[in-house]
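Visitor: Please take me around this model, one question at a time. I would like the terms spelled out as we go.

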Amino acid sequence: MQTIDAMRDELAAITKRGIGMPVAGMVYWIAMAALGSRLGPRQAALAMFFGTGAVFPLGWWLTKLAGGNLMHKGHALTSLGMTLNFVQLAYWPIVLAIFGREPMLVPLALGSLFGSHFLPYGWFYRSRGYTTLGISAPIVALLLQLAAPARAFVLIPLGMAACYAVAVALVQRENAVQARLAAA
């Protein structure tokens, strides 16, 4: 019988730690910064809402290009991974309530909630990259909101893109180390 750590390592190798997901998130945040610089707060917030619909399919596709299989059937932890992914749907009522009251806080809410959604993946994939993203995104989003609230639709997306870029680099390195160990 495999230990939970062995199962996590095995799934991390099969899925390539879902590397395409933070890449897709980074692309999303860069696009939102560009839109945020051109649109008013309500329109930019709506663009952020609708843009999130592209993140999972893009991340799935990019992970597949990297050789990973996010939907690997037959592994005992696949359903847990999908449950962790769907947890972020529970955040939507918070984001919609914030939009209804104060659209200028939508980038803070999305950056904090969707960035922190990666924290459990730090445990799941034994990944410092995801742990870093899960902790840094809410902190960076809050600091940028406090420092420049009038520029939240540009600065927070750029800050999130930077957090995601760091996570991507760390996860790539983790995948490379795991591949070298498997080959040895």
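Guide: Let us start with a term: a salt bridge is a side-chain nitrogen of Lys or Arg within 4 Å of a carboxyl oxygen of Asp or Glu. This is a predicted model, in which local features need pLDDT of at least 70 and side-chain atom pairs count only at pLDDT 80 or more, while totals for chains, interfaces and linings use all residues. Residues are numbered from 1 along each chain as its sequence is written, and side-chain values use heavy atoms, with hydrogens and water left out.

Visitor: How many helices and strands are there in the protein?

Guide: Helices (H or I, at least four residues) and strands (E, at least two) are DSSP runs, numbered from the N terminus. Read from the N terminus on, the elements go α-α-α-α-α-α-α-α-α. The count is therefore 9 helices and 0 strands.

Visitor: What share of the 184 residues is buried?

Guide: Buried means under 20% relative accessible area, exposed means over 50%, and partly exposed lies in between (1.4 Å probe, protein chains only). By that rule, the buried share of the 184 residues is 46%.

Visitor: Among contacts between residues at least 6 apart in sequence, what percentage joins residues at least 24 apart?

Guide: A contact means heavy atoms within 4.5 Å. Taking the contacts between residues at least 6 apart in sequence, the part that joins residues at least 24 apart is 76%.

Visitor: Which residue forms a salt bridge with Asp 5, the closest N and O atoms being 3.0 Å apart?

Guide: The partner at 3.0 Å is Arg 126. The pair links distant parts of the chain, 121 residues apart: Asp 5 is in helix H1, and the other residue is in the loop between helix H7 (119-124) and helix H8 (128-147). Asp 5 counts as partly exposed because its relative accessibility is 32%.

Visitor: Where do Asp 5 and Arg 8 sit, and what separates them?

Guide: Their side chains meet in a salt bridge (2.6 Å, N to O). Arg 8 is buried, with a relative accessible area of 8%. Both residues are in helix H1 (residues 4-15), and since they are 3 residues apart, their separation is about one helical turn.

Visitor: Which residues are linked in a network of salt bridges?

Guide: The structure holds 4 salt bridges. The network links Asp 5, Arg 8, Asp 9 and Arg 126.

Visitor: Which residue forms a salt bridge with Glu 174?

Guide: The closest N and O atoms of this pair are 3.8 Å apart, and the partner is Arg 17. The two are 157 residues apart, with Glu 174 in helix H9 and the partner in the loop between H1 and helix H2 (20-36). Both are buried, Glu 174 as well as Arg 17.

Visitor: Which side chain makes a polar contact with the side chain of Gln 178?

Guide: Gln 178 is in helix H9 (residues 152-183), and it counts as buried because its relative accessibility is 17%. Leaving out residues up to four places away in sequence, Gln 178 touches Asp 9, Ala 12, Ala 13 and Arg 17. A polar contact is a pair of N or O atoms within 3.5 Å; within protein, one must be able to donate a hydrogen and the other to accept it, and residues adjacent in sequence count only if both atoms are side-chain atoms. At 2.9 Å, the side chain that makes this contact is that of Arg 17.

Visitor: How far apart in space are Gly 25 and Tyr 164, C-alpha to C-alpha?

Guide: Gly 25 lies in helix H2 and is buried, with a relative accessible area of 5%. Apart from neighbours within four places in sequence, Gly 25 is in contact with Val 55 and Tyr 164. Gly 25 and Tyr 164 are 139 residues apart in sequence, and their C-alpha distance is 6.8 Å.
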